[in-house]
Structure formats: structure tokens, C-alpha cells
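Subject: Structure for your review

Dear colleague,

Please find below the structure that I am handing over to you. My notes on what was found in it come after the display.

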Amino acid sequence: MEVILAKSAGFCFGVKRAVDQVYEQIEAAAKETDAKPIYTYGPIIHNEFVVQDLESRGVRVLESEAELDALMEGTVIIRSHGVPKRIQEKIERKGLSCIDATCPFVKRIHRIVEKESAAGKRIVIIGNAGHPEVEGIMGWSLTPADVIESTEEAVRFSPKEGEKLCVVSQTTFNYNKFQELVEIFQKRGYDISVANTICNATEERQTEAKDIAAKVDAMIVIGGKHSSNTRKLYEICSRECAHTCLIQTLDDLHLELPEAVRLVGITAGASTPNKLIEEVQNYVRINF
Ligand code: F3S
């Protein structure tokens with residue numbers, strides 16, 4: 001069977017970089033005689049297999065700030081979403097070693113927010129309130145930041161007389177929605193500076209999946225059952241290719257394909273490890 005594997009399948013640049021940094025820390029610790037424990041502040045990625053693998057190598061997940069408070073020693077790795085500035089400072093103040101694996105695209109937002117809020121601007125984050133990335137961004141503003149997610153919230157928002165606004169976005173926010181919300185502010189004549197900080201990794205993965213699905217006889221999407229970006233990939237591919245299936249691991253792969261099938265496409269959600277993608281790819285090449 002011929003296979004087309006999407007180049008953008010699986011981890012984006014920022015997640016790959018963060019996961020790699022955890023494995024580097026494990027390797028470095030293995031060479032030391034009195035290695036200190038390694039922690040990640042929250043799960044490094046939303047993939048239970050990766051988190052389990054790391055756990056089996058001694059990496060523990062800090063689930064809350066209280067758990068961080070209780071630490072006396074070790075290395076704490078900040079994941080790609082980033083954290084509020086005070087958390088990073090707390091890690092350092094406690095004398096723990098801090099590995100900052102915040103995605104550079106998210107770090108750029110932190111810098112904008114810190115600088116613009118210091119210059120007296122009110123920060124508006126277009127994104128999902130409560131998302132760890134947004135919480136992190138808020139934590140770099142020197143003044144209270146607002147989070148706006150919907151048209152209703154944008155309409156309801158009203159700055160003070162003469163107030164200057166700096167608008168940024170969560171990296172994974174939908175571009176069209178972002179534009180729509182910014183336009184509401186512009187039409188109302190607010191004094192705003194806008195930084196489009198959306199990362200196109202998700203969009204690129206979706207566009208490539210759509211192109212491949214349109215060409216192949218069957219399409220395999222690999223990713224977590226509960227991962228929304230994986231489901232979205234599945235929907236996009238299903239529209240282009242009738243034989244599209246969604247699998248979590250190789251065990252779920254029971255493709256019953258018509259004889260005429262010669263070309264299979266493969267893509268994967270943002271939290272799918274490379275090893276799994278390769279396993280599926282090799283299996284399909286050899287067994288179909
Ligand atoms: Fe990934 Fe960084 Fe973009 S974590 S989705 S490359 S902002």
C-alpha cells in the first residue's frame with residue numbers, strides 16, 4: 001500500500017520542543033549520582049501515553065500551586081502553554097531549577113503584554129477564559145487584563161474615557177472570530193493596538209489533512225478520543241474521503257478496504273507522539 005503521511009501530523013513545534021526538553025532532563029539526571037527529582041507544572045501534553053511514559057521514568061506532574069509550594073528540591077519544567085510570571089518567580093525563589101519550555105510564540109505574547117501594560121495600556125486577550133495559556137498570559141500583565149471570547153462579551157466591553165487598549169490573542173484562537181471581535185472595537189473608535197498572535201500550526205495541519213484526504217482512497221486520523229483538534233481533523237477528512245477512520249492506537253485499526261484501494265493518507269492530532277504515527281504508517285505499508 002502506498003502511504004502519504006502529512007508533514008504537519010502530530011506535535012507542533014512548541015509541544016515537540018517542550019516534550020524534548022523533558023527527555024533531555026531525564027537523560028541528564030541519569031548521568032548524575034545524586035540527581036534531583038523532575039516535575040512538570042501540569043501535564044506536559046494531553047496524551048496519557050506520553051505522560052505515563054514520563055512517569056515511568058520518574059517525572060512527576062505538579063497538579064496545583066499548592067504542590068509546588070510543598071517542594072523542597074528538584075527541577076520544574078514549564079510546559080508550552082506557559083505560566084503566569086509569579087509562578088515562574090516562585091519556582092526560582094524557592095531555589096528549584098526552572099526549565100522554561102514555554103513555546104516561543106507564547107513567550108512573545110508574554111513580552112508584549114508585559115511591555116504594553118507597563119506603558120499604561122489595558123490588556124485585552126481574545127481567547128478562552130480559564131485556558132491555561134490565557135491564565136499564563138494574564139499573569140504577565142502588570143494591570144488586570146480582560147479576556148474576551150464572544151461577540152456578546154466584545155459588545156458589552158467598555159473601556160474608560162481615553163483608555164488605550166492592547167489586544168492580543170490566544171495562539172489557538174480562530175482567526176475569523178478574532179478579526180470579527182477586533183472589528184467591533186475598531187468600529188466603536190476605541191484607541192487600540194492589535195497584535196495578531198495566532199499561531200498557524202493548527203490551521204496548517206487542517207489544510208494539509210484536507211488536501212491529502214481529497215487525493216487518497218482511505219484516510220487514517222490518529223489521536224485521542226477526547227481531543228477536540230483530532231475530532232476536527234476527522235470531520236474535515238470525512239468530508240473529502242468516505243473511507244476515513246479515527247484511531248487512538250494501532251489496536252483500533254480495523255480497516256476494511258475495497259480491493260481497489262491503493263493510496264492511504266495519514267494525519268494525526270496535535271498530541272499524538274511521532275512513535276505512534278510511525279507505527280501506524282509502517283503497519284499500513286506492510287500489511288495492506
Ligand atoms: Fe504549538 Fe506553540 Fe503554536 S505550542 S500551536 S507552536 S503557539
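The notes below go from the whole chain to particular residues.

This is a predicted model, in which local features need pLDDT of at least 70 and side-chain atom pairs count only at pLDDT 80 or more, while totals for chains, interfaces and linings use all residues. Residues are numbered from 1 along each chain as its sequence is written, and side-chain values use heavy atoms, with hydrogens and water left out.

Overall fold

The protein chain holds eleven helices and twelve strands; these are DSSP runs numbered from the N terminus, with helices (H or I) of at least four residues and strands (E) of at least two. Its C-alpha trace spans about 70 × 60 × 25 Å along the principal axes. Of the 288 residues in the protein chain, 48% are buried. Here buried means under 20% relative accessible area, exposed means over 50%, and partly exposed lies in between, using a 1.4 Å probe and protein chains only. Among contacts (heavy atoms within 4.5 Å) between residues at least 6 apart in sequence, 70% join residues at least 24 apart.

Nonpolar cores

In soluble globular proteins, nonpolar side chains tend to be buried together. A nonpolar core is taken here as a set of buried Ala, Val, Leu, Ile, Met, Phe, Trp, Tyr and Cys residues joined through side-chain atoms within 4.5 Å. The largest such core has 29 residues, and Ile220, Ile222, Leu253, Val280 and Val284 have the most contacts inside it. Two or more residues each come from helix H9 (201-215), strand E10 (218-222), H10, strand E11 (244-247), strand E12 (263-268) and helix H11 (274-287). E10 gives the most, with five residues. Leaving aside neighbours within four places in sequence, the contacts of Ile222 include Thr230, Ile247, Ile266, Leu276 and Val280. A second, separate core has 15 residues, among them Ile26, Leu54, Val59 and Ile99.

Ligand surroundings and cysteines

Which residues surround the ligand? They are Cys12, Gly14, Cys103, Phe105, Thr171, Cys199 and Ala201, each with a heavy atom within 4 Å of the molecule. By class, this shell has five nonpolar, two polar and no charged residues. In that classification Ala, Val, Leu, Ile, Met, Phe, Trp, Tyr, Cys and Pro count as nonpolar, Asp, Glu, Lys and Arg as charged, and the others, Gly among them, as polar. Cys103 counts as buried because its relative accessibility is 9%.

A search of the whole structure finds zero disulfides, a disulfide being a pair of cysteine sulfur atoms within 2.5 Å. For Cys245, the closest cysteine sulfur is that of Cys241, at 9.3 Å, which is too far for a bond. Cys245 is buried, with a relative accessible area of 17%.

Annotated binding site

The unreviewed UniProt entry places the feature "binding site" at His46, His81, His131, Ser227, Ser228, Asn229 and Ser271. UniProt positions are given in the numbering used here, feature names are shortened, and annotations may be inferred rather than shown by experiment. Ser228 is in helix H10 (residues 228-240) and counts as exposed because its relative accessibility is 61%. Asn229 is also found in helix H10.

Phe178 is located in helix H8 (residues 175-187) and is buried, at 1% relative accessibility. Beyond four places in sequence, Phe178 touches Ile126, Val167, Val168, Ser169, Phe173, Val194, Ala195, Asn196 and Ile198. Phe178 and Asn196 are 18 residues apart in sequence, with their C-alpha atoms 8.4 Å apart in space.

Lys275 lies in helix H11 and is exposed, at 65% relative accessibility. The C-alpha atoms of Lys275 and Pro159 are separated by 49 Å, the two residues being 116 apart along the chain.

Yours sincerely
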